[in-house]
Amino acid sequence: MADQTESSVVIDSQPGDVLGVIADFERYPEWTGAVKEVEVLDRLPDGRAAKVRFILDAGAVRDTYSLDYTWDVKDDGTGELSWKLDQSGVMKAMDGSYRLTPTPAGTQVTYCLAIDLRIPMLGMLRRKAEKTIIDTALQELKKHVES
């Protein structure tokens, strides 16, 4: 899955604070519209999530899936948090990442995502769906961190 969709937003907060919100998976249902339930299934020795199960209800799209996480972040919160699909009812694959970079205005968060569904979908429609997911996630993250 080399074909990824990517978008960025600048959040008025330090990278460590932004990463703290991203890493607090159990609280996603409080501030994201589509994620209804989250359970951390496995943790790394440092306490960070290694495997997380999500229950998603985005209207027409409902799924329960789990992701395996890789943390390549520094103590200040800069770097990249990436994931790969472990299990899903609807998706065959989901590769994604958040990349956090400091800027004079706060933190640039770049979200990359590639999804492959079990049902056939035209590439153009898949990329449009990925773009909608990314833009919604970045808007919700920005609103939550800055509030």
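At 30% relative accessibility, Arg99 counts as partly exposed, a class that lies between buried (under 20% relative accessible area) and exposed (over 50%), as computed with a 1.4 Å probe on protein chains only. The structure is a predicted model, in which local features need pLDDT of at least 70 and side-chain atom pairs count only at pLDDT 80 or more, whereas totals for chains, interfaces and linings use all residues. Residues are numbered from 1 along each chain as its sequence is written, and side-chain values use heavy atoms, with hydrogens and water left out.

Arg99 forms a salt bridge with Glu80, with the closest N and O atoms 3.7 Å apart, where a salt bridge is defined as a side-chain nitrogen of Lys or Arg within 4 Å of a carboxyl oxygen of Asp or Glu. This pair links distant parts of the chain, Glu80 being in strand 5 (residues 79–88) and Arg99 in strand 6 (residues 91–103), 19 residues apart; strands (E, at least two residues) and helices (H or I, at least four) are DSSP runs numbered from the N terminus. Glu80 is partly exposed at 27% relative accessibility, and a network of salt bridges links Glu6, Glu80 and Arg99.

By the salt-bridge rule, the count comes to 13. Among them is the pair of Arg53 and Glu37, with the closest N and O atoms 3.2 Å apart. Because Arg53 lies in strand 3 (residues 49–58) and Glu37 in strand 2 (residues 35–43), this pair ties together parts that are 16 residues apart in sequence.

The strands belong to an open sheet of 7 strands in the order 1-7-6-5-4-3-2, with antiparallel pairing, two strands being paired if DSSP finds at least two bridges between them. Strand 1 (5–11) and strand 2 are the edge strands, each pairing on one side only. Strand 3 and strand 4 (residues 61–73) pair in the antiparallel sense over 8 bridges, and the bridge partner of Val52 in strand 4 is Leu67.

Helix 1 (residues 15–23) lies across strand 1, strand 4, strand 5, strand 6 and strand 7 (106–117), contact meaning heavy atoms within 4.5 Å. This helix runs at about 160 degrees to strand 6, where axes are lines fitted to C-alpha atoms, for helices over the stretch in contact, and angles run from 0 to 180 degrees between N-to-C directions.
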